[in-house]
Amino acid sequence: MKNFKTKINFISLFVLMCFCSIGVKLFQVQIIRHEFFSRLVSLKVDRVKKSQAMRGIIFDSNKRPLATAMAVESCYAEPKKAKNNINIDSLAKCLDMPADSVAAKISENKKSVLLKKYLYPDDVEKIKTARIPRKKLNLLQSGIYFEKKQLRRYPEGSLANYVVGIVGADNNGQAGVECTFDKFLTGNSTKYITSIDGKGRETVTSKMSEEERAVVLTIDSSIQYVVEREIKKAYQDTNANLVTCIVQNPQTGEILAMASYPSFNPNVEHKRNPKMFKNPAIGNSYEPGSVYKIVAAATALENNPDVYKEKFYCEQGEYRLSNDVTIHDSEHKYGSLSFEEILAYSSNIGFAKLSKSIGARKLWQYSRAFGFGSKSGIELPGEESGLLKPPEKWSGISTEMISFGQEISVTPLQIVNSYSVIANGGFLMEPRIVKSLLCNGIEQKVYEPVVIRRVISQHTVSKLTEMLEAVVNYGTGDNAKLSGIRVAGKTGTAQKYDSELRRYSAKKYVSSFVGFFPAENPKATVIVLVDEPKGEYYAASVAAPVFKRIAGSILEYLNVHPVTEIASKQNL
Amino acid sequence: MKNYRKSKSKFYILFAFSIIYIGSFFVWEKMQQKLLSQKINSIHARTAKVEAENQRIDMKILEITSLNNLEETGKKRFGLVAPDIANIVIIEDDLKK
């Protein structure tokens, strides 16, 4: 019995010692060498992954999306593994590709080949559930894998494409707002840790929520749509090289629409032409012609308010500036014209004579004050400053030539912004294309209207508005007249300089019309520019009717009714 | 003395069982934690898939309701025409306001 008890005690002691040794080992593993082992495990099991936030949305001023991003996946194959392990026919069927093309890609001598990009979740699911591997392998083991990507989509197609811009294959902004606000739209990438279990299943242990970013533009899709529809029609009717239009709110400097035709569809990748990414409304400069006459008129009025009463003899349509330069008043032979009439009938001779009383330096100073010869500061890439030489570099006839828009180059944006100076009471506003930046729906930055400077006095503004109304009422801008609405505007038909002939071309013209409406309380300033129209080229018959159609639609959209119609209804 | 020894061995056995129980509970709890995180993970994956599908449908809606598509549909299906400035009709209620 005693012997049995000794045995029991011995076994108990042995078991106790076993437990003790396990306890000691556990103590050593869990407490003393805890950090070492946890590091060892995390090295083998935990993976740090990077998650790129979805590219931000670009909205118009009414929060209508113009550019959004979608999560898609691209399907890749490792040819070495895939060659013998997959059923090519069923894979081709799932990818909606010809079997020959899939087979050709898989037989390439590369480490990895792209089979198809931009697959939607249900397409991926179809591939994952189809019997693609020949043996009892999973898809990854058989050499087929997926990579998450982002697909940039433009739901409105080509609407406002020059403003919105485009992204490249790597989702980096290449033009427009996509380029200017690339860093903001890309957002931050978040790092997160995943653990992988024995069966290769992934468990996310920590992940930060991603920010949703957005850029809100000042563009109004409805106005932009009307503008694009009308300039496309004008392009087809005139067979021009290019038609450009900008609509600006003169009170705030906000751009309501900015379009050029021909344009491109940002959703169609293979038809992209790199030259077309340049926004002609800010990146093309041209000699403005008669639309520039308001600068000389404003300078004259600022220096001598009584100039309004003066008369100018227009030499019956022909006037010699120097021995080899003679200027003409298109097809008209004018005699004596008032200050208002030289603008209404767009007399080059009248303005050449007016410029003599102004002087070169004053004309240059006011040209600069109106924003010519410098970038406007709009939040778009590729803006040109135009060309305005300092008066020291002007020739003997430069003052006369510049007064009617030659020997100077400007962008359409500079012209529309200078007319907004008259429309808003004399202030040069900074043109803006971005209204605000949003982060998770909350405004992170709001772009307020910026007044750059006062350019002209209220007296000059009133006189210029009257003169521009006269242009539309009885002058060259007759085709822009809207019944019941006071429209102020100016036509411009500029000869293009032919660098081969080294003189102004008699066949190539830029026809433009700039104006604002209603003149008593301007809601919009619009420029329509038709580059090299074929056949009829006078702005009065090429650009003014386009302006009229656009202005009519904008007024209707803004709920501004013709005064005469309201009056007649009230009489009823 | 005999009773003391008996109770001492009982204590050891109880102690050993408690350690085994706590150990097993710890392992079971860890397993449950893993299973749960896998479940959460699969739900996350499903949510991501549904969200992606939702995005795709939203995109389709946006494309269908795009201004260009609406105008085309209006013209082709309903024979509508783009309004002109001459077509504006002033409604009496607007005048009263």
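Where in chain A is the place of Ala160(A)? Ala160(A) sits in the loop between β5 (144–153) and α7 (161–164) of chain A; helices (H or I, at least four residues) and strands (E, at least two) are DSSP runs, numbered from the N terminus. The model is predicted: local features need pLDDT of at least 70, side-chain atom pairs count only at pLDDT 80 or more, and totals for chains, interfaces and linings use all residues. Residues are numbered from 1 along each chain as its sequence is written, while chains are lettered from A and ligands numbered from 1 in the order in which they are written.

**Backbone features in loops**

- Ala160(A) has a phi near 55 degrees, a positive value in a residue other than glycine.
- Ala160(A) counts as buried because it has 30 C-beta neighbours inside 10 Å. A residue is buried if 20 or more other C-beta atoms lie within 10 Å of its own, exposed if 12 or fewer, and partly exposed in between, with C-beta atoms placed from the backbone.
- Asn559(A) is not a glycine either, and its phi is positive at about 65 degrees. Its place is the loop between α20 (544–557) and α21 (563–571) of chain A.
- Is Asn559(A) buried or exposed? Asn559(A) counts as exposed, because it has 9 C-beta neighbours inside 10 Å.
- Tyr261(A) and Pro262(A) are joined by a cis peptide bond with omega about 10 degrees. Pro262(A) lies in the loop between β10 (255–261) and α11 (280–283) of chain A.
- Another cis peptide bond joins Phe517(A) and Pro518(A), with omega about -25 degrees. Pro518(A) belongs to the loop between β20 (503–517) and β21 (524–531) of chain A.

**A sheet in chain A and its helices**

- An open sheet is formed by five strands of chain A, in the order β10-β9-β21-β20-β19, with antiparallel pairing. Two strands pair if DSSP finds at least two bridges between them.
- The edge strands are β10 and β19 (488–498) of chain A, and each pairs on one side only.
- On average, neighbouring strands of this sheet are turned by 10 degrees against each other, direction ignored. Axes are lines fitted to C-alpha atoms, for helices over the stretch in contact, and angles run from 0 to 180 degrees between N-to-C directions.
- Helix α10 (residues 221–238) of chain A packs on the sheet and touches β9, β10 and β21 of chain A. The direction of α10 makes about 25 degrees with that of β10(A).
- Strand β9 (residues 242–248) of chain A pairs with β10(A) in the antiparallel sense over six bridges. Ile246(A) has Met258(A) as its bridge partner in β10(A).
- Helix α18 (residues 458–473) of chain A lies across β19 and β20 of chain A, at about 75 degrees to β19(A).

**Nonpolar cores**

- The largest nonpolar core has 123 residues, and Cys245(A) and Val528(A) have the most contacts inside it. A nonpolar core is a set of buried Ala, Val, Leu, Ile, Met, Phe, Trp, Tyr and Cys residues joined through C-beta atoms within 7 Å.
- Apart from this core lies another, of 17 residues, among them Val72(A), Leu91(A), Ile127(A) and Leu151(A).
- Two residues are in contact if their C-beta atoms, placed from the backbone, lie within 7 Å.

**Chain B**

- Chain B has three helices and zero strands, and its pattern along the sequence is α-α-α.
- Buried residues make up 2% of the 97 residues in chain B.
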